[in-house]
Amino acid sequence: MARKSIGERLAQLEAQRKTLQIRLSKQERAIDTRRKVLIGALVLHRLEHDREVQIGGGLAAWLRSELPKFLTRDGDRDLFDDLLKPQANEPTIGNIGSGSAV
């Protein structure tokens, strides 16, 4: 059985390091994606079950204000068409604090 040269062993170790680094990156991305999904699920749950959650005058109004600035792709905006339309009985960002919440 022939022994590998130091150079060959170093190359093998470097390949293993790269493989492990790729695996770590994938794992970190999966964790980040899961966190985003869970945060999004929480927001959607609150919108469906507790419209009274207050974030600057109401979660739904806040999202209607912030999402258009955050979403840059038309396809992404299309996913939130139902949320971006103001509800008749919810305050808008313009009338929060003015006592004229419809």
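I'll start with a pair of side chains: Glu14 and Arg17 meet in a salt bridge, 2.8 Å from N to O. By salt bridge I mean a side-chain nitrogen of Lys or Arg within 4 Å of a carboxyl oxygen of Asp or Glu. The model is predicted, so local features need pLDDT of at least 70 and side-chain atom pairs 80 or more, while totals for chains, interfaces and linings use all residues. Residues are numbered from 1 along each chain as its sequence is written, and side-chain values use heavy atoms, without hydrogens or water.

Glu14 and Arg17 sit 3 residues apart in helix H1, about one turn; helices here are DSSP runs of H or I, at least four residues, numbered from the N terminus. The whole structure has 3 salt bridges.

Next, the helix pair. H1 and helix H2, residues 59-70, have axes that come within 10 Å and cross at roughly 130 degrees. Axes are lines fitted to C-alpha atoms over the stretch in contact, with angles from 0 to 180 degrees between N-to-C directions. Val43, Arg46 and Leu47 of H1 touch Leu59, Ala60 and Leu63 of H2, contact meaning heavy atoms within 4.5 Å.

Technical notes: Helix = DSSP H or I, 4+ residues; strand = E, 2+ residues; numbered from the N terminus.
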